[in-house]
Amino acid sequence: MLDPVGFEAAFYKTSSLLVPTPSPTPSVSPIPPVLPNKPYYEEIGETGSKTLWVVFVIMLLSTLAFIALAWRVPVQKRLFHVITTLITTFAALSYFAMATGDGNSYAHIIIKETHKHVPDTVEHVFRQVFWARYVDWSLTTPLLLLDLAFLAGMDGASILVAIVADLVMVLTGLFAAYGKSDGQKWGWYAIACIAYLVIVYQLVISGRRAVRSKDSSTSKLFASIGGFTLILWTLYPIVWGIGDGARKWSVDAEIVAYAILDVLAKPVFGFWLLFAHARKATAIEGFWSHGLSSEGSLRVGDDE
């Protein structure tokens, strides 16, 4: 990550050294002067800024709604409510950071062009990347997986593999966003896609196998909401490939696309899950409901 302003100042301060002087020998043709291309900036605009604020409000209101729904059920049945509330809470914090100008920096992309009769030229592109989005995904996507895993009743080994693969997918996506060359960018992107396929396998194979022991309504809910989630998650790398990857979309277009996917994948997912499964949620006793038992716990003021 570089400071584009400082880079441009240093770049043009020394650019005069790159201009060749005419040769004193009249028999030798002068080399055509080649000036470095001016750095190009791809930044957020008014549409992207407004979109970030709108999604922040949606995430905040969804969080408040999930909290209200949680208070309507006993603590033994609040597992999905708590997880879903945390998802939109983290998302709201991320969107507030991005909307207020935090959580972003510039990726320095170097584009080299080869010419036959003149020296090669180099174009420096600085694209604004919102790393706060990746922090959001590293927290919210494992929670989304936990919602689906607990709904299906998946075993701990499958859950662990899915969450680790998810974190690998998000982190390698962040590395790809800051790749300077196509080799770096698309190499990390390929690794992220492989990690995503591991997640798909765990949900489709392990998840479907586990949910067979549930009642028919739970099985149907897992199949529908799980399929909905996988479709949305498949669109994320497509948006990345068109936006940060190939740079066919502006930063604003990329923000709008991610905003639509985030609203569908988090608030819409959460309301769907809670309204469809709240009444049939299994009560959880033990530490979740009652904390540490009195036996063996520390009591302030008791004699030894």
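Helices here are DSSP runs of H or I with at least four residues, strands are runs of E with at least two, and both are numbered from the N terminus.

**Ground rules**

I am reading a predicted model, where local features need pLDDT of at least 70, side-chain atom pairs count only at pLDDT 80 or more, and totals for chains, interfaces and linings use all residues. Residues are numbered from 1 along each chain as its sequence is written, and side-chain values use heavy atoms, with hydrogens and water left out.

**Whole chain**

I counted up the secondary structure and got 9 helices and 3 strands. Going along the sequence, I noted the pattern α-β-α-α-β-β-α-α-α-α-α-α. Next I looked up burial, where buried means under 20% relative accessible area, exposed means over 50%, and partly exposed is in between (1.4 Å probe, protein chains only). Of the 304 residues in the protein chain, 42% are buried.

Then came contacts, meaning heavy atoms within 4.5 Å. Taking contacts between residues at least 6 apart in sequence, I found that 79% join residues at least 24 apart.

**UniProt record**

The unreviewed UniProt entry annotates "transmembrane region" at several spans, including 51-71 and 186-205. Such annotations may be inferred rather than shown by experiment, and their positions are given in the numbering used here. For residues 51-71, I have 95% helix and 0% strand, with the end C-alpha atoms 31 Å apart. Residues 186-205 come out at 100% helix and 0% strand, and their end C-alpha atoms lie 28 Å apart.

**Cavity**

I needed the terms first. On a 1 Å grid over the protein atoms alone, a cavity is a set of points where a 1.4 Å probe fits but cannot get out; a pocket is an open set with protein on both sides within 12 Å along at least five of seven lines; lining residues have an atom within 4 Å of a point. Grid points are joined across faces, edges and corners, and a volume is the space filled by probe spheres set on the points.

I found 1 cavity of 30 Å³ or more, and the largest cavity holds about 50 Å³ of space. Its lining includes Asp244 and Glu254. Helix α4 gives the most to this lining, with 3 residues. For residue classes, Ala, Val, Leu, Ile, Met, Phe, Trp, Tyr, Cys and Pro count as nonpolar, Asp, Glu, Lys and Arg as charged, and the others, Gly among them, as polar. The cavity lining has 5 nonpolar, no polar and 3 charged residues.

The largest pocket has a volume of about 370 Å³. It is lined by 20 residues, and Trp137, Met169, Trp233, Tyr236 and Pro237 are the closest to its centre. Helix α4 supplies the largest share of this lining, 5 residues. By class I read 15 nonpolar, 3 polar and 2 charged.

**Arg127**

I found Arg127 in strand β3 (residues 121-129). Arg127 counts as buried because its relative accessibility is 1%. Its side chain makes a polar contact (a pair of N or O atoms within 3.5 Å, one able to donate a hydrogen and the other to accept it; residues adjacent in sequence count only if both atoms are side-chain atoms) with the side chain of Asp244, at 2.9 Å. A polar atom of the Arg127 side chain also lies 3.2 Å from the backbone oxygen of Trp249.

**Ala165**

Ala165 is in helix α5, and at 8% relative accessible area it is buried.
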